[in-house]
Amino acid sequence: MTSSTATVGKGPVAHAPSSKAALIMGALGVVYGDIGTSPLYTLRACLTGYGDLQPGHVLGVLSILFWMLMLVVPFKYVTLVLRADNRGEGGTLALLELAIRGRTGRLRTFLIMLAIFGAALFYGDSMITPAISVMSALEGISVVSHRFEHWVVPLSMVVLIALFVIQSRGTGTVGKLFGPIMLLWFGTLAVVGGWQIWLTPAILQALDPIWAVRFVIESPGASFVLLGSVVLALTGAEALYADMGHFGRSPIRRAWFWMVLPSLTLCYFGQGALLLRDPGAIKNPFFLMAPDWFVAPLVALATVATVVASQAVISGAYSMTRQAVQLGYWPRMEILHTSAVEKGQIYLPQVNALLLAAVIVLVLVFRSSDNLAAAYGFAVTGTMLTTSVLMFSLTMRLNAGAKRVMWSVVLGFLLIFDLLLFSANALKVHEGGWLPLMVGIVVFTLMITWRRGRYLLSELQQRDRQPLKEFMEQLEAYPPARVHGTAIFMTMSPGYVPPALLHNLKHNKVLHDHVLFFTIRSADVPYVLAEERFTVAKLSASSWQAVVTYGFKEEPDVPEVLREIAESYPELDLEPMRTSFYLSRQTVVSARRPAMRRWRRALFAFMARNSTRSTKFFKIPPNRVVEMGMQVEL
């Protein structure tokens, strides 16, 4: 699969050399915050189960960790997955739109269901990352003094609450510090780890994959279970793809090979070197690598680094939710912009409140990073497996012949590997993996219910619907009373008479001088070009049909697009003070022969009642809106 075939539409824009340095620095702060803080807990989670820790254990586990890290991040994500972009954007939903394009039938349905479940697991990841990262950093205070151990949970809650509270103020100013902070963090990892390797260079034997092979041959069962812990080193790998649209392929790849990979390798091998000399250091090998005088500053730096990692995943949850809303998988939600310059800096109050509540519960229930490790691995491997399946489907569609065979072998191997990782973590469902599984099932059910309910509503509205053009021509031949101004009827189905128009004619018995039927659609690309934003067709002497298209990373702005339409079609009177919007307010009631089960219908109705009002979501001035109530039987 070449870059040209994997890329749909326009790829990332070329950047000047000066901006490339800034993008690389930004990638360090946002993309690699999660994977950059994984050394805090990964090796300890891998080796804690061995009562009598032997050098063979350390070398074997470290070799498995290193080569798995090399296989998944540089090979799978940096080399392969980053090649599949949707007009420069990445992520599960962006990849889904590429994978299902042109597909029909059961395969399309399966891919949609899988991607939605993978996206649902991401919310579990968004809950666990702040909790496990901040707790693992603050657990370093027990290295300073055992008297501080009971302060880990209270301090974690204080840091996390403060982190979520400041979300509403925006992260633009703080975000500028993310890159330098993570640069200092990765530099510290390299120096502390390199010093330990200097003291015990024998640890470099673990670079030889024979140690990994020998460990697997001697203990195949233990090796399989070990995968459930080693996968913690891969947390955040999915962010490389999800944040591609923000930074581009090149800065993400350069940041990985120039800084992140060397620093992580030195840190992991430094911890292994310490354990070769002192197996008792397994209680917290990361902080025990540092000299006594540097432990307290390292705890402070680690706490700041984990806040950066948490911020990145929280912002990711906001972006994922916005994409789900635009693609029709989630009800409309209030989306606030926290920057007048950067469109990507958004804040979703409802998502923020739910994440904060979930994170606090996690800290109080699990109380340590070790207890959260099993839950974390399940969420990560589930998302990774989803990406592999979608990539496999995409490459099978885009390639043929020998190239198709080659890609099927490569991606088939990665798919089997991801299945092994997921299976190993599935064994830990009872230890904490139930948490992201439960979150995933709940969010998946909500998303599927919403999508199904909206589809049924659309079908019901199109049933027995009159063609709009013929209806308007007949209406103008025998018109009701005409009033000054323009009526804009928001409708989901262009080309058909909207219920709001029929209700208006039935109850008010008037028609405006100008009538515009307005439909908003979501495209399967992240951004829509300005020249492709809208189309307008004249239906009759005084009526028009406008269809406006937005990408799944854009937010509809009805007043703005109406100004653009007015400039292109001066005969259409869209002066704000002479314009009224007509919308249908639907209430779901039970039908004699229901199209949905009772519990799903009740769930859909609940989600519909609590969704953000369309006037607020589409930025329509509420004092110019007329809502026509109607009941819909499901």
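Why does methionine 68 count as buried? The legends below take this residue first and then turn to other sites.

This is a predicted model, in which local features need pLDDT of at least 70 and side-chain atom pairs count only at pLDDT 80 or more, while totals for chains, interfaces and linings use all residues. Residues are numbered from 1 along each chain as its sequence is written, and side-chain values use heavy atoms, with hydrogens and water left out.

**View 1. Methionine 68 in helix 5.** Methionine 68 is found in helix 5, residues 55–80; helices (H or I, at least four residues) and strands (E, at least two) are DSSP runs, numbered from the N terminus. Methionine 68 counts as buried because its relative accessibility is 4%, where buried means under 20% relative accessible area, exposed over 50% and partly exposed in between, with a 1.4 Å probe and protein chains only. Leaving aside neighbours within four places in sequence, methionine 68 is in contact with Leu227, Val230, Val231, Leu234, Phe417 and Leu421, contact meaning heavy atoms within 4.5 Å. The C-alpha atoms of methionine 68 and leucine 234 are separated by 8.6 Å, although these residues are 166 residues apart along the chain.

**View 2. The largest nonpolar core.** A nonpolar core is a set of buried Ala, Val, Leu, Ile, Met, Phe, Trp, Tyr and Cys residues joined through side-chain atoms within 4.5 Å. The largest one has 191 residues, of which Tyr32, Val73, Trp185, Trp256 and Phe518 touch the most other members. Helix 7 (residues 105–138) gives the most to this core, with 17 residues. Valine 73, with neighbours within four places in sequence left aside, is in contact with Ile35, Val78, Leu234, Ala237, Leu240 and Trp256. A second, separate core of 16 residues includes Phe471, Met472, Ala487 and Phe489.

**View 3. Helix 21 against helix 25.** Helix 21 (residues 434–462) and helix 25 (residues 598–610) pack at an angle of about 90°, with their axes 9 Å apart; the axes are lines fitted to C-alpha atoms, for helices over the stretch in contact, and angles run from 0 to 180 degrees between N-to-C directions. The two helices are therefore roughly perpendicular to each other, since angles of 65 to 115 degrees count as such, whereas those under 35 are roughly parallel, those over 145 roughly antiparallel and the rest oblique. Residues making the contact include Trp450 and Leu457 of helix 21 and Trp599 and Phe604 of helix 25.

**View 4. Serine 543 in strand 6.** Serine 543 lies in strand 6, residues 543–550, and counts as buried because its relative accessibility is 0%. The side chain of serine 543 makes a polar contact with the side chain of serine 540 at 2.4 Å; a polar contact is a pair of N or O atoms within 3.5 Å, where within protein one must be able to donate a hydrogen and the other to accept it, and residues adjacent in sequence count only if both atoms are side-chain atoms. Beyond neighbours within four places in sequence, serine 543 is in contact with Met472, Glu476, Val515, Phe517 and Lys538.

**View 5. Serine 368 between two helices.** Serine 368 occupies the loop between helix 18 (349–366) and helix 19 (369–398), and at 17% relative accessibility this serine counts as buried. Its side chain makes a polar contact with the side chain of asparagine 371 at 3.1 Å. Leaving aside neighbours within four places in sequence, serine 368 is in contact with Met135 and Glu139.
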